[in-house]
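Dear colleague,

I am passing on the structure below, followed by notes on what was found in it. Please read the notes with the coordinates open.

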Amino acid sequence: MPTQDTATSYGSISRFNHWLGALLVLVLLAIGLYFEDMPRGDVKKFWKGLHIAIGAFAALFFLWRVYWRMRSTSPRELPQPRALTLLSKTVHVLLLVGITVLALTGPLSIWATGRGIPVMGLFSIPSPFPEFRSLHGPLEDIHAFAADAMLYLIGLHILGVIKHQLVDRDNILKRMAGRA
Ligand code: HEM
Ligand code: HEM
C-alpha cells in the first residue's frame, strides 16, 4: 500500500493517522465527559489525571496528524449532491480545527497556572512560558466548548459514513479501512 495519498485513495500514513487519531479523540472525549460533572475528590482526580496523561502525548500526535493532512493531496470526494459534498468537506475541516484547538488549549490551560503537565505522578512536562493565570479560565472554557462541538461533529461524520455505506453503497469505508 503506498504511503502517500493519491487522487483516489488514502495512503497508509493517512489511514494510520485517521484511526489512531479517532481512537484517541474518542477515549479523551469519553474520559473528559465522565469526570466533567463529578464532585471534587480522589475519583475525579484519577480520571482527570488519566485524561491529562493521555492528552499530553495525544496533543503531539494530533498536531502531526493535522500537519500531514495539510501537506497531503486529499482523495476526490465520492459523487453526491453538491450541498452534501460541501457539508462533508466542512465537517472534515472542523474536525481538524477541533483537534488542533483541543491539543493547544489542554496543555496551555495547565501551563497558564505556572505548573507542569503531570503524567500519572511519574514526571511532569514543565511549562515553557511564565505563569499567566488570567488565561487559565478562558482556555479551559474554550477546551470544554471545543470538546462539546466535537461530539456533534463526530455524530455528523459517522452519520455521513453510514449514509455513504448503506444508501449510496459506494463503500467509503474501504477507502479508509480496506485495501488501497
Ligand atoms: C469511529 C468511527 C469513524 C469512522 C467509521 C470514520 C470513517 C471515516 C471514513 C470512511 C473517512 C473517509 C471519507 C472519504 O473518503 O471522503 C473518514 C475521513 C475523516 N475522518 Fe473519520 N471516521 C470515524 C471517526 C472519526 C473521528 C472520531 C474523527 C475525529 C478527528 C474523524 C475525522 C476524520 C477526518 C478529519 C477525515 C478526513 C480525512 C482525514 O483527514 O483523515 N473520524 N472517516
Ligand atoms: C481530542 C482531544 C481532547 C478531548 C476530546 C478533550 C475533552 C475534554 C473534556 C470533555 C473535558 C471536560 C470539560 C469540562 O471540565 O468542562 C476536558 C477537560 C480537560 N482536558 Fe481535555 N480533551 C482533549 C485533549 C486534552 C489535552 C491534549 C490535554 C492536555 C494535556 C487536556 C487537558 C484537559 C484538562 C486539564 C481538563 C480539565 C479542565 C477543567 O478542570 O475544567 N485535554 N477535556
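The iron atom of ligand 2 is coordinated by the NE2 atoms of His-51 and His-143, at 2.0 Å, where donors are N, O and S atoms within 2.8 Å of the metal (3.2 Å for Na, K and Ca) and water is not among the atoms, so sites may look incomplete. The arrangement is octahedral because the 6 donor atoms around the iron atom subtend angles of 89 to 180 degrees; six donors count as octahedral if opposite donors are over 155 degrees apart and all others between 65 and 115. The two histidines come from distant parts of the chain, His-51 from helix 2 and His-143 from helix 4, 92 residues apart, helices being DSSP runs (H or I) of at least four residues, numbered from the N terminus.

This is a predicted model, in which local features need pLDDT of at least 70 and side-chain atom pairs pLDDT 80 or more, while totals for chains, interfaces and linings use all residues. Residues are numbered from 1 along each chain as its sequence is written, chains are lettered from A and ligands numbered from 1 in the order in which they are written, and side-chain values use heavy atoms, without hydrogens or water.

His-51 counts as buried at 16% relative accessibility, whereas His-143 is partly exposed at 21% (buried is under 20%, exposed over 50%, partly exposed in between, with a 1.4 Å probe and protein chains only).

Around ligand 2 there are 22 residues, with Glu-36, Lys-48 and Gly-55 among the closest (a heavy atom within 4 Å).

Best regards

Technical notes: Tetrahedral: all angles 85-135°; square planar, octahedral: opposite > 155°, others 65-115°.
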